[in-house]
Amino acid sequence: KKPTLHTKIWEENKVYLYQSSRTPQIPSISPQELKLESWLKLHGIVYENVDHKAKLSSKNGTLPFIELNGEEVADSNIISTLATKFDKDMSSHLSQEQKNVEHAMIKMVENHLYWAIMHWRTSSVDNTVKAYKIHLPTFLGSKVPLGLLNLHFKFNVQKKIQKKVKTQGVENIEELSKADLTVLSTMLAEREFMFGAEPTMLDMVLYSHLAQLLMVEAEYPCPLRDYVQENCKN
């Protein structure tokens, strides 16, 4: 059974993007969403960010997802589907050896740095709400009193993420991520992008994760952000 289309009248080859609400500090507090929207912008693909007031999710209950030519595409398939459709392979110029390195580096970012960010965020509600200046009634699309929304965000939204962090079973995740960041900084060296003059998917993945740290409100304490600014200045 096909999922119900939310945009009933659509334009051919236009991407309808469904993601979390914007925040004052960063377009999305989800690296996956930021990566997808940045990928669309970089390649000049026509898209619309659908303002669904935090009411919609994919058939699998996830964000982000897209609708393209009357079909829903969700989860990890989105960029690969779009890359095939629009012939936009960011890493096509890499050698096989470079592609192998890129694959390993992406997994490192997604399996260490991502969970380190989530671990920090969920250790306190303020590490999300105050760090990104989030107005919960707007972010969650709700008219419920702010005090109740704070409780909902803490005990429902953040607790779910905390459980996922724990299932990773990785100890010292922050220290592992600092070591990974040092490796990535060394790899970048004086180059503009990780593999030279042109961006690859690794650059996109790294950008979407580092932005989650570097766009934390300047006066708000964030150890991983401080580490990047002090030790990974390139």
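Which residue forms a salt bridge with K14? The answer is E48, and the closest N and O atoms of the pair are 3.3 Å apart. Keep in mind that this is a predicted model.

Start with the general idea. Side chains of opposite charge can pair when their charged atoms come close. A salt bridge here needs a side-chain nitrogen of Lys or Arg within 4 Å of a carboxyl oxygen of Asp or Glu. By this rule the structure has 9 salt bridges.

Go back to E48 and K14. E48 lies in strand β2, which covers residues 47–49, and K14 lies in the segment before β1. The two are 34 residues apart in sequence, so their pairing ties together separate parts of the chain. Their surroundings can be read from their accessibility. E48 has a relative accessible area of 33%, so E48 is partly exposed. K14 has 13% relative accessibility, and therefore counts as buried.

Now look at R22 and E37. Their side chains meet in a salt bridge, at 2.8 Å from N to O. This pair also links distant parts of the chain: R22 is in the loop between β1 and α1, while E37 is in helix α1, and 15 residues separate them. E37 is buried, because its relative accessible area is 5%.

E175 pairs with K178, and their closest N and O atoms are 3.7 Å apart. Both belong to helix α7, residues 173–188. They are 3 residues apart, which means about one helical turn separates them. E175, at 48% relative accessibility, counts as partly exposed. K178, at 17%, counts as buried. Bridges can also share partners: E11, K14 and E48 are joined into one network in this way.

Next come the rings. How many aromatic pairs does the structure hold? There are 3. One of them is Y18 with F65: the ring centres are 4.4 Å apart and the planes are at 0°. Planes under 30 degrees apart count as stacked, so this pair is stacked. Y18 lies in strand β1 (residues 15–18) and F65 in strand β3 (residues 65–68). The two are 47 residues apart in sequence, so the pair ties those parts together. Both Y18 and F65 are buried.

Y114 and W115 form another aromatic pair. Their centres are 4.8 Å apart, and the angle between the planes is 80°. That makes the pair edge-to-face, since planes over 60 degrees apart count that way. Y114 counts as buried because its relative accessibility is 16%. W115 counts as buried too, because its value is 13%.

Stay with Y114 for a moment. Y114 is found in helix α3, which runs over residues 96–122. Y114 and S177 are 63 residues apart in sequence. In space, their C-alpha atoms are 8.7 Å apart.

Finish at the surface. K154, K159, K160, K163, K164 and K166 gather there in a patch of positive charge. Take K163, one of these residues. K163 has its place in helix α6, residues 146–167. Why does K163 count as exposed? Its relative accessible area is 62%, and exposed means over 50%.

Definitions and conventions: Residues numbered from 1 in each chain as written. Predicted model: local features only at pLDDT ≥ 70, side-chain atom pairs only at ≥ 80, totals over all residues. Heavy atoms only, no water. Patch = residues over 30% accessible without salt bridge, like charges linked within 9 Å, V, L, I, M, F, W, Y side chains within 5 Å. Areas by Shrake-Rupley, 256 points an atom, 1.4 Å probe, with all protein chains shown as cover. Lys, Arg positive; Asp, Glu negative; His and termini not counted. Charge placed at Lys NZ, Arg CZ, Asp CG, Glu CD. Helix = DSSP H or I, 4+ residues; strand = E, 2+ residues; numbered from the N terminus. Buried < 20%, exposed > 50% of the residue type's maximum accessible area, 1.4 Å probe, protein only. Phe/Tyr/Trp six-rings, centres within 6.5 Å; stacked < 30°, edge-to-face > 60°.
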